[in-house]
Amino acid sequence: MKMKRCRSCGEYTLKEVCPHCGGRTGVIYPPKFSPEDKYGAYRRKLKRELYSRGSGE
């Protein structure tokens with residue numbers, strides 16, 4: 001069982017659906033670190049693309 005946080009109201013719960021507002025919940029813990037990160041290049045590329053869109057370039 002992992003703690004989750006509602007994406008709508010921000011309340012913490014252990015359930016899949018928020019008992020306060022009925023919104024979706026998501027796991028709040030970051031992924032474990034691994035030196036053989038299979039998806040690191042994709043995450044960095046996405047971060048660069050999102051950053052470049054946000055800065056207006």
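Modeller: In this predicted model, a residue counts as buried under 20% relative accessible area, as exposed over 50%, and as partly exposed in between.

Biologist: Why is Cys-9 called partly exposed?

Modeller: The relative accessible area of Cys-9 is 38%. That value lies between the limits of 20% and 50%, so Cys-9 is partly exposed.

Biologist: How do you know that the count of disulfides is 0?

Modeller: A disulfide requires two cysteine sulfur atoms within 2.5 Å, and by this rule the count is 0. For Cys-9, the nearest cysteine sulfur belongs to Cys-6, at 3.6 Å. For Cys-21, the nearest is again that of Cys-6, 3.5 Å away. Because the cut-off is 2.5 Å, Cys-9 is in no disulfide, and Cys-21 is in none either.

Biologist: Why is Lys-4 called buried?

Modeller: Lys-4, a residue of strand β1, has a relative accessible area of 12%. Buried means under 20%, therefore Lys-4 is buried.

Biologist: What makes the pairing of the Lys-4 and Glu-16 side chains a polar contact?

Modeller: The two side chains make their contact at 2.2 Å, and the cut-off for such a pair of N or O atoms is 3.5 Å. Lys-4 also touches other residues, including Tyr-12, Thr-25 and Val-27.

Technical notes
Residues numbered from 1 in each chain as written. Predicted model: local features only at pLDDT ≥ 70, side-chain atom pairs only at ≥ 80, totals over all residues. Heavy atoms only, no water. Helix = DSSP H or I, 4+ residues; strand = E, 2+ residues; numbered from the N terminus. Buried < 20%, exposed > 50% of the residue type's maximum accessible area, 1.4 Å probe, protein only. Polar contact = N/O pair within 3.5 Å; in protein donor to acceptor, adjacent residues only side chain to side chain. Contact = heavy atoms within 4.5 Å. Lists of a residue's contacts leave out its neighbours within four places in sequence.
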